[in-house]
Amino acid sequence: MINLKDKSAIVTGGARGIGKGIALKLGSLGANLVIADLNEDSINSCVTELKGLGYKAIGVKCDVSKEEDAVNLIDSCQKEYGKVDILVNNAGITKDTLLMRMKKEQWDAVISVNLTGTFNCTHAAIKYMLKQRSGAIVNLSSISGENGNIGQTNYSASKAGVIGFTKACALELASRGIRVNAIAPGFIATEMTAAIPENIRNGMVNAIPLKRAGVPEDIANAVAFLSSDSSSFITGHILDVNGGGFLPGIGGA
Ligand code: NAP
């Protein structure tokens, strides 16, 4: 049975989508939450919902691509709960277009949030985790970082970068009791994937061997496992949560 009682857990991009699903799951397992997101209204409504369920939660407005915001986020967790146990680097964006049409800004934006944002938060968090000699970090990669995907050269590169970053961090930090793993979701029904045209979306779901789109709870269950002591001998692992979709030509977000 997974138990996160009194563990502090930061979820970036935690106010909606997969991040909110992760926050709800970790809260239900006893974790004290820090919800980091861009939009103050969505942060407030998410924190109110979590508190209504009886969970401890605070919200921090944070753009993970900004180093000072990431430092403030992690410091806020330390200040509120006295430790930084779990960091879930979930915040992510897409700016899809074919490479020949991609503007440098579209490349930079996606790399800054998805990859540099993961670096910024991890870098700030390990300051405390190294002293504690414990911690669990879970990064959100993607099936697109493993397979590549048409129209997603920027996104696929960022998510492949997250895989390399996860594996290198795991090696560097293992001797200090800090575990670093990643999840590579396939197609999960959220606002991010709702932006994909319906006919393409239906085709993607039909190509999934388990014949359904994933839901945020599918990812949240995997995050709960990787951030808990139930996975205490697992680090540097990339867990596919994709309905069997890791096949050539099956893309995702
Ligand atoms: P989503 O519905 O678009 O939600 C993303 C969340 O991240 C939003 O709350 C967003 O805030 C926040 N965010 C965006 N940029 C941020 C920044 N710079 N700093 C802090 N927060 C930021 O996305 P999702 O589908 O839940 O995806 C969550 C993660 O899973 C992402 O890393 C994504 O790449 C990954 N993933 C998703 C899928 C999928 O099928 N959905 C598949 C593979 C991987 P705003 O509301 O203010 O925009």
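Colleague: Which residues form a nonpolar patch on the surface, with about 380 Å² of accessible area together?

Modeller: This is a predicted model, in which local features need pLDDT of at least 70 and side-chain atom pairs count only at pLDDT 80 or more, while totals for chains, interfaces and linings use all residues. Residues are numbered from 1 along each chain as its sequence is written, and side-chain values use heavy atoms, with hydrogens and water left out. Patches take residues with over 30% relative accessible area and no salt bridge, joining nonpolar side chains (Val, Leu, Ile, Met, Phe, Trp, Tyr) within 5 Å and like charges within 9 Å, and accessible areas come from the Shrake-Rupley method with a 1.4 Å probe, only the protein chains shown counting as cover for residues. The nonpolar patch is made up of Leu 98, Met 100 and Ile 150.

Colleague: Is Met 100 buried or exposed?

Modeller: Met 100 sits in the loop between strand S4 (86-89) and helix H4 (104-132), where helices (H or I, at least four residues) and strands (E, at least two) are DSSP runs numbered from the N terminus. Buried means under 20% relative accessible area, exposed over 50%, and partly exposed in between (1.4 Å probe, protein chains only). Since its relative accessible area is 75%, Met 100 is exposed.

Colleague: How much of the 900 Å² that the ligand exposes alone does the protein bury?

Modeller: The ligand is surrounded by 29 residues, the closest being Arg 16, Asp 37, Asn 90, Tyr 155 and Thr 190, and a residue counts as near if one of its heavy atoms lies within 4 Å. A polar side-chain atom of Asp 37 comes to 2.6 Å from a ligand oxygen atom, and a polar backbone atom of Ile 18 is 2.8 Å from an oxygen atom of the ligand; a polar contact is a pair of N or O atoms within 3.5 Å, and within protein one must be able to donate a hydrogen and the other to accept it, while residues adjacent in sequence count only if both atoms are side-chain atoms. Of the 900 Å² that the ligand exposes when taken alone, the share buried by the protein is 93%.

Colleague: In S2, which residue is the bridge partner of Val 11?

Modeller: In strand S1 (residues 8-12), 5 of its 5 residues are buried, with Ser 8, Ile 10 and Thr 12 on one side and Ala 9 and Val 11 on the other. S1 runs parallel to strand S2 (residues 32-37) and is joined to it by 5 bridges, two strands being paired if DSSP finds at least two bridges between them. Within S2, the partner of Val 11 is Ile 35.

Colleague: How many residues apart in sequence are the parts that the pair of Glu 191 and Arg 16 ties together?

Modeller: The side chains of Glu 191 and Arg 16 meet in a salt bridge at 3.3 Å, N to O, a salt bridge being a side-chain nitrogen of Lys or Arg within 4 Å of a carboxyl oxygen of Asp or Glu. Glu 191 lies in helix H7 (residues 191-194) and Arg 16 in the loop between S1 and helix H1 (17-28), so the parts tied together are apart in sequence by 175 residues.

Colleague: At what relative accessibility does Asp 85 count as buried?

Modeller: Asp 85 forms a salt bridge with Lys 83, their closest N and O atoms being 2.8 Å apart. Lys 83 is partly exposed, with a relative accessible area of 28%, whereas Asp 85 counts as buried at 9%.
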